[in-house]
Amino acid sequence: MQRISETDLILNADGSIYHLNLLPEDVADTVITVGDPDRVGEVSKHFDTIELKKGKREFITHTGSLGGKRITVLSTGIGTDNIDIVFNELDALVNIDFKTRLVNDKLRSLNIIRIGTSGGIQADIPVDELLVSASAFGLDALMHYYHQELNNEEQQLLSAFEKALPAGYKLNPYFAPAGKNLLQSLAHDLPQGITITAPGFYAPQGRQVRAKSLTPSLMDSIQQFGHNGQRITNLEMETAGIYGLANSLGHQALSFNVILANRANHVFSTDPSGVMDKFIGQILQRIVKM
Ligand SMILES: O=P(O)(O)O[C@H]1O[C@H](CO)[C@@H](O)[C@H]1O
Ligand SMILES: O=c1cc[nH]c(=O)[nH]1
């Protein structure tokens with residue numbers, strides 16, 4: 001087996017992993033990811049006990065327990081470039097022996113649950129609702145750097161989406177499905193759809209402020225796309241990378257989107273933090289019962 005070098009897997013002087021600043025024993029089997037570092041405390045305030053609080057840069061981690069289940073909640077910051085760091089380091093923490101720098105014989109599979117905000121793109125998806133990403137198209141580049149396997153059906157869905165993009169659109173999308181077991185056990189009764197993971201918040205999500213968009217018809221193509229009864233429901237900035245890397249590394253991942261914007265009707269939530277707080281409580285109850 002190949003020893004992983006000191007520059008491929010970087011450890012801090014105390015043995016913790018480079019960006020997350022965590023030790024292997026700090027990570028529970030159930031991991032909640034949030035974009036906003038301030039949301040970590042909003043999740044862990046529901047825990048019965050908190051055993052650790054650590055952090056570095058935008059990566060804040062609390063581990064504790066709720067209803068007898070050990071849970072880690074950690075912030076990723078915004079975007080799939082951060083997801084690359086968080087997922088590779090989380091996987092290393094649970095599947096690599098930091099002393100020998102060898103991959104463990106027995107691999108651990110984490111349940112990783114995103115609780116994030118998102119914009120709905122269809123007129124009938126109300127703000128202040130919870131929507132689950134059954135799968136995601138990435139308009140960012142992350143999964144073009146990793147091996148991923150798609151089945152025929154998934155490949156056909158991706159090809160249909162590529163054809164639906166506006167003429168002259170230069171970037172290749174990728175596709176990644178949710179973890180099937182998690183989708184079934186945590187969210188089978190909730191509204192679901194295909195999520196678009198965008199490499200930005202403004203023009204990449206069809207917003208026009210002052211900088212002129214080169215792709216003004218991108219949102220129309222996304223809104224109108226349909227394939228075998230599936231449609232695109234919402235936009236955010238991490239889910240496709242989370243699903244792609246979780247699948248590549250053998251973890252289960254599921255993304256919950258708190259819908260704050262209805263882009264079709266130009267409506268934005270009037271109480272984003274109250275709505276997020278309500279859904280954090282509901283999702284934690286689902287996780288405890290899982
Ligand atoms: O609320 P979070 O989890 O950060 O998620 C969404 O909000 C951010 C943009 O405002 C992006 O990270 C997007 O994915
Ligand atoms: O419209 C939105 C709302 C939240 N997060 C996003 O990325 N987009």
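Student: In which strand is the place of isoleucine 71?

Tutor: In this model, which is predicted, isoleucine 71 sits in strand β4, made up of residues 69–75.

Student: Why is isoleucine 71 called buried?

Tutor: A residue is called buried if 20 or more other C-beta atoms lie within 10 Å of its own; isoleucine 71 has 24 of them within that distance, and therefore it is buried. Its contacts, once neighbours within four places in sequence are left aside, are Ala28, Thr30, Ile32, Phe47, Gly64, Ser65, Leu66 and Ile287. Glutamate 129, by contrast, is 58 residues from isoleucine 71 in sequence and 24 Å from it in space, taken from C-alpha to C-alpha.

Student: What makes isoleucine 83 count as buried, and where is it found?

Tutor: Isoleucine 83 is found in helix α2, residues 80–95. The threshold for burial is 20 or more other C-beta atoms within 10 Å, and isoleucine 83 counts as buried because it has 29 C-beta neighbours inside 10 Å. Setting aside residues up to four places away in sequence, isoleucine 83 touches Thr76, Leu142, Glu238, Gly241, Ile242 and Leu245. As for threonine 239, it is 156 residues from isoleucine 83 in sequence, with 9.0 Å between the two C-alpha atoms.

Student: Why does glutamine 148 count as partly exposed?

Tutor: Partly exposed covers the counts between exposed, at 12 or fewer, and buried, at 20 or more; glutamine 148 has 15 C-beta neighbours inside 10 Å, so it counts as partly exposed. This residue lies in the loop between β8 (129–138) and α3 (152–164), where it touches Met143, Ala176, Gly244, Asn247 and Ser248, not counting residues up to four places away in sequence. Between glutamine 148 and threonine 76 there are 22 Å in space, C-alpha to C-alpha, and 72 residues in sequence.

Student: What is the phi of arginine 57, and what is the phi of asparagine 228?

Tutor: Most residues other than glycine have a negative phi. Arginine 57, in the loop between β2 (49–56) and β3 (59–66), has a positive phi near 50°. Asparagine 228, in the loop between β11 (226–227) and β12, likewise has a positive phi, of about 45°, although it is not a glycine.

Student: How do you know whether arginine 57 and asparagine 228 are exposed or buried?

Tutor: The neighbour count decides. Arginine 57 has 13 other C-beta atoms within 10 Å and is therefore partly exposed, whereas asparagine 228, with 8 C-beta neighbours inside 10 Å, counts as exposed, since the limit for that class is 12 or fewer.

Student: Which residues have the most contacts inside the largest nonpolar core?

Tutor: That core has 70 residues, and those with the most contacts inside it are Ile32, Phe137, Tyr243, Ala246, Ala253 and Leu254. Strand β13 gives the most to this core, with seven residues.

Student: What makes Val34 and Asp36 part of the shell around ligand 1?

Tutor: A residue belongs there if its C-beta atom, placed from the backbone, lies within 6 Å of the molecule, and the residues around ligand 1 are Val34, Gly35, Asp36, Ile78, Gly116, Thr117, Phe201, Glu236, Met237 and Glu238. By class, this shell has four nonpolar, three polar and three charged residues.

Student: Which strands each supply at least two residues of the shell around ligand 2?

Tutor: They are β7 (111–120), β12 (230–236) and β13 (252–262), and the largest share, three residues, comes from β7. Among the residues around ligand 2 are Thr117, Ser118, Gly119, Gln205 and Leu260; the shell divides into five nonpolar, four polar and one charged.

Student: How do you know that the radius of gyration of the protein chain agrees with a compact globule?

Tutor: With 290 residues, a compact globule would have a radius of gyration near 19 Å, and the chain has 19 Å, so the two agree. The C-alpha atoms fill a box of roughly 50 × 40 × 40 Å along the principal axes, and 41% of the residues count as buried.

Student: Where does UniProt place the domain "Nucleoside phosphorylase"?

Tutor: The unreviewed UniProt entry places this feature at residues 31–264. Over residues 31–264 the chain is 27% helix and 35% strand.

Note on methods. Residues are numbered from 1 along each chain as its sequence is written. Chains are lettered from A and ligands numbered from 1 in the order in which they are written. This is a predicted model: local features need pLDDT of at least 70, side-chain atom pairs count only at pLDDT 80 or more; totals for chains, interfaces and linings use all residues. Helices (H or I, at least four residues) and strands (E, at least two) are DSSP runs, numbered from the N terminus. Ala, Val, Leu, Ile, Met, Phe, Trp, Tyr, Cys and Pro count as nonpolar, Asp, Glu, Lys and Arg as charged, and the others, Gly among them, as polar. A nonpolar core is a set of buried Ala, Val, Leu, Ile, Met, Phe, Trp, Tyr and Cys residues joined through C-beta atoms within 7 Å. The radius of gyration is taken over C-alpha atoms; the globule rule is 2.2 Å times the number of residues to the power 0.38. UniProt positions are given in the numbering used here, feature names are shortened, and annotations may be inferred rather than shown by experiment. Two residues are in contact if their C-beta atoms, placed from the backbone, lie within 7 Å.
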